[in-house]
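I opened the notebook to record a few look-ups. The entries follow in the order I made them.

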Amino acid sequence: MQKRFSTFAVHAVLAGYTALALAPIILVIMNSFKAKRAIFLSPLVPPNPVNFDLIGYHKVFADGAIGTYYMNSLTVTVGTIFFTLLFGGMAGWALSEYKFRGNTMLGLYLAIGIMVPIRLGSVAIISLISGLNMINTLTALICVYVAQNLPLAVFILGEFVNQIPKDLREAARCDGLSEYNIFFHIVLPLLRPAMATVAVFTMIPVWNDLWFPLLLAPTGGKQTITLGVQQFLGQYITDWNAVLAALSTAIVPVLLFYILFSRQLIRGLTSGAVK
Amino acid sequence: MDRGNFARVLAFFLLPAVLIYSIFSIYPLIATIFDSLYQRHEGGPMTFNGLNNFRTLLGDETWSKPFWNAFRNNCLFFLIHMCVQNPIGLALAALLSLPRLRLRNVYRTLIFMPTMLSVVIIGFIWQLILSPLWGIWKMLLGALHLGFLFGPYLGQEGTALITVSLISVWQFVGIPMILIYTALLAIPDELVDAATVDGLNQWQTFFYVKLPLIWPTIGLVSVLTFVNNFNAFDLIYAMQGALAGPNFSTDIMGTLFYRTFFGNQLQLGDPTMGATVATMMFLIIMVGVMIYLFLIQRRMQRYAF
């Protein structure tokens, strides 16, 4: 009897907290499909044929830029993940596989970037990027994000290189494969699970970042979706339909992606964090 | 491999990562610290200024007041995360890790959801919910007969910072939850079984067996919270603007840095003073990380494993 009660209490607490975590998000998505009157008069009523209205979405998409912003975010995120994995894998391999003078020092040098947020260098990053004539380019964002994410990638991927059996590499060397072929044809495919972990770590903060898009690519149609929505909201602050629709447009794709991959995402987060 | 060949292989694998990291991460950090030692004259060259920028920032009334205000606010911001976010995360993790719990993965996935979204989006969602214009929050409090508690929280100096902090707590509670949950799962079953055989109940098992084993993870969560909090910017900027209103009551180091560097309606941007603020942030974060590495982590490892 007491056991059943405590199980019930546990579920009550967890379900209660889950509701607290989801309610605000659901509320916004729900009301984005309603007419203005209904948003204010009956905010808690789900959209139905009487109060249904897509005017907010018309405004968001009439702006026309949302699609561009999505593409920008996608380009930046995919580009960052690609180069972080490639260069991080190469460096992780070299640091774990080869004995050379300065190996440990180089490891420590890279470790600085794990603890110190790159944001603190923003003053110099701006003058550097404008000196290179890369203000308002996605390349600038990718460069900064790759630099930001490389240190952790090198460590996680290097850790995994150590787990690959030594025999495998020695056998390949005996067969006369060059070091380049060993890495790209034997090691890299084996690193795939670790790469998924690193990709997760990289993806979410890059997609959601506001700071660097604001500093490095604030105008000229090069805004990421996070910054684009922020600017759109600032403009339409009093138009509740447009605001709710813009928020939903930013939320829904991320949530769909999350629901599809939540298992891998959380496994990635935990496996990386324990290391 | 002969030496020349070996050097070529090393360069091929290491150079791309080292170059990008050095150019876009280490160089800017060092250059920023150097900038903080210089002074820029109107249209002229930069001149060496020693530690005068720091003296100005900490001693000159016009600079020191905003600085200490932002520092105090940031400490409170961090304290609220430590006292609310991490205990809730710990409690949720403890519940999720109970044996034979159904729907475990559903709860975990859903509670983690807000953490996935951009801070900008979260900030706006809560702005709408708390808005007296929409009245959702007012309605909710009214239904609980707590209507008298309602106020324009974000517009009042006394409540704005606490409200923003709690919104950030609401969003990021998933991170301590997941990290601690993983640590709890890693505890060997035999230990828990032994405790049960010895007659400990669920509560006692948690406090005397599991909690001591996850102190290292709690330490890690704390230092992550510290670094993230003293580097925070997005939420305040999205909700309260660069001026961190009302009357700078939500100003933290990140927003102070942004304003100092870029300028705003009240003052011109000042790159060298901006660099000085960034260097102070760097020092604060380093102190936090050092305390963790040398005091907390070392003692805990000896104690736990």
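Which residues of α8(B) are buried? I noted first that this is a predicted model. I then listed B:G174, B:P176, B:M177, B:I178, B:L179, B:I180, B:Y181, B:T182, B:A183 and B:L184 as buried.

Next I looked at a pair of helices in chain B. Helix α2 (residues 52–59) and helix α3 (residues 61–96) of chain B pack at an angle of about 70°, and their axes are 5 Å apart. On the α2(B) side the contact is made by B:T56, B:L57, B:L58 and B:G59; on the α3(B) side, by B:E61, B:W63, B:S64, B:F67 and B:W68. I sorted the residues of this contact into 5 nonpolar, 3 polar and 1 charged.

Then I took two single residues. B:T205 lies in helix α10 (residues 202–229) of chain B. Its relative accessibility is 7%, so I counted B:T205 as buried. Leaving out residues up to four places away in sequence, B:T205 touches B:V192, B:A195, B:L200 and B:K210.

A:A9 sits in helix α1 (residues 2–31) of chain A. With a relative accessible area of 30%, A:A9 is partly exposed. From A:A9 to A:A111 I noted 102 residues in sequence and 44 Å in space, C-alpha to C-alpha.

How values were computed:
Residues numbered from 1 in each chain as written. Chains lettered and ligands numbered in written order. Predicted model: local features only at pLDDT ≥ 70, side-chain atom pairs only at ≥ 80, totals over all residues. Heavy atoms only, no water. Buried < 20%, exposed > 50% of the residue type's maximum accessible area, 1.4 Å probe, protein only. Helix = DSSP H or I, 4+ residues; strand = E, 2+ residues; numbered from the N terminus. Contact = heavy atoms within 4.5 Å. Axes fitted to C-alpha atoms, helices over the stretch in contact; angles between N-to-C directions. Nonpolar A, V, L, I, M, F, W, Y, C, P; charged D, E, K, R; others polar.
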